[in-house]
Amino acid sequence: MRIGELGRRTGVNAHQLRYYEAQGLLEADRRANGYREYDENAVLRVKQIRHLLGAGLSSEDIAYLLPCAVGEAPELPGCPELLAAMRSRLRRLDDQMERIAQSRDALATYIDAADRMGGESYPPFDDPDQEPVPA
C-alpha cells in the first residue's frame, strides 16, 4: 500500500509516517517510480509506534523496544534490557514532572504576591487612558 493508504488506515499523516521511516521505526520498499510501498504489517507497526509515543517514549526508545513488541497495544516482554530502558524513561519523566511542579509552584507564588499588592498597572503610565500591552 502507498503512504496515503497507510495514513488513512492508521489516522497518521504522511509527514509523520516519513518521520517514522527516517527514525528507523517503519520500513518501506521503493517502487521504480520512487513511491513508498508498505506491507500489511505496517498498519500494526504504526499503531504500536503511536501507543509507545503516547507512553512518553522517544523515537530512540521505541526503536530499541519495537522489535520485541507484540500486538497493537503493544505488549513487551519483561526482559532485563527492555525493563531497564523503560525504567530509565520513567525516571526522566518523573524528573520532568518534578521540575514542572516546581515551576508551577513558583509561578503561583508570584501570582499570589501580585494579587496581594493591588491592582495598579505596571509599568506605571503617564497617560491614565493608556492600556498596558501584554508581553
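Which residue forms a salt bridge with Arg-9, and how far apart are the closest N and O atoms? The partner is Glu-40, and the closest N and O atoms of the two are 2.9 Å apart. A salt bridge here is a side-chain nitrogen of Lys or Arg within 4 Å of a carboxyl oxygen of Asp or Glu. This pair links distant parts of the chain, with Arg-9 in helix α1 and Glu-40 in the loop between β2 (36–37) and α3, 31 residues apart.

Before going on, a word about the model. It is predicted, so local features need pLDDT of at least 70 and side-chain atom pairs count only at pLDDT 80 or more, while totals for chains, interfaces and linings use all residues. Residues are numbered from 1 along each chain as its sequence is written, and side-chain values use heavy atoms, leaving out hydrogens and water.

## The overall plan

The protein chain has five helices and two strands. Helices (H or I, at least four residues) and strands (E, at least two) are DSSP runs, numbered from the N terminus. If you follow the sequence, the pattern reads α-α-β-β-α-α-α.

Of the 135 residues in the protein chain, 23% count as buried. Buried means under 20% relative accessible area, exposed means over 50%, and partly exposed lies in between (1.4 Å probe, protein chains only). The chain exposes about 9900 Å², and carbon and sulfur atoms supply 52% of that area. Accessible areas come from the Shrake-Rupley method with a 1.4 Å probe, and for residues only the protein chains shown count as cover.

## The core

In soluble globular proteins, nonpolar side chains tend to be buried together. A nonpolar core is a set of buried Ala, Val, Leu, Ile, Met, Phe, Trp, Tyr and Cys residues joined through side-chain atoms within 4.5 Å. In this model the largest nonpolar core has 21 residues, and Leu-6, Leu-17, Tyr-20 and Leu-26 touch the most other members. Helices α1 (3–10), α2 (14–22), α3 (41–54), α4 (59–65) and α5 (80–117) each supply at least two residues of this core. Helix α3 gives the most, with five residues.

Leaving aside neighbours within four places in sequence, Tyr-20 is in contact (heavy atoms within 4.5 Å) with Val-12, Leu-25, Leu-26, Val-46, Ile-49, Arg-50 and Leu-53.

## Two helices compared with their expected spans

The expected span of a helix is 1.5 Å times one less than its number of residues. Helix α3 has 14 residues and should span 20 Å, which agrees with the 20 Å between its end C-alpha atoms. Its buried residues are Ala-42, Val-43, Val-46, Gln-48, Ile-49 and Leu-52, and what covers them includes α1, α2 and α4.

Helix α5 has 38 residues and reaches 55 Å from its first C-alpha to its last, close to the expected 56 Å. The buried residues of α5 are Leu-82, Ala-85 and Arg-89, with α4 included in what covers them.

Most residues other than glycine have a negative phi, and most peptide bonds are trans. After α3 comes Gly-56, whose phi is positive, near 90 degrees. Just after α5, Gly-118 takes a positive phi of about 110 degrees. In the loop between α4 and α5 lies Pro-74, and the peptide bond from Ala-73 to Pro-74 is cis, with omega near -25 degrees.

## Pairs of charges and a buried serine

Side chains of opposite charge can pair when their charged atoms come close. The whole structure holds five salt bridges, including these:

| Pair | Closest N and O atoms |
|---|---|
| Glu-5 and Arg-8 | 3.3 Å |
| Arg-9 and Glu-40 | 2.9 Å |
| Arg-36 and Glu-21 | 2.6 Å |

Glu-5 and Arg-8 both lie in helix α1, three residues apart, about one turn of the helix. Glu-5 is partly exposed, because its relative accessible area is 31%, whereas Arg-8 is exposed at 62%. Glu-21 counts as buried because its relative accessible area is 19%.

Is Ser-59 buried or exposed? Ser-59, found in helix α4, counts as buried because its relative accessibility is 15%. Its side chain makes a polar contact with the side chain of Gln-23 (3.1 Å). A polar contact is a pair of N or O atoms within 3.5 Å; within protein, one must be able to donate a hydrogen and the other to accept it, and residues adjacent in sequence count only if both atoms are side-chain atoms.
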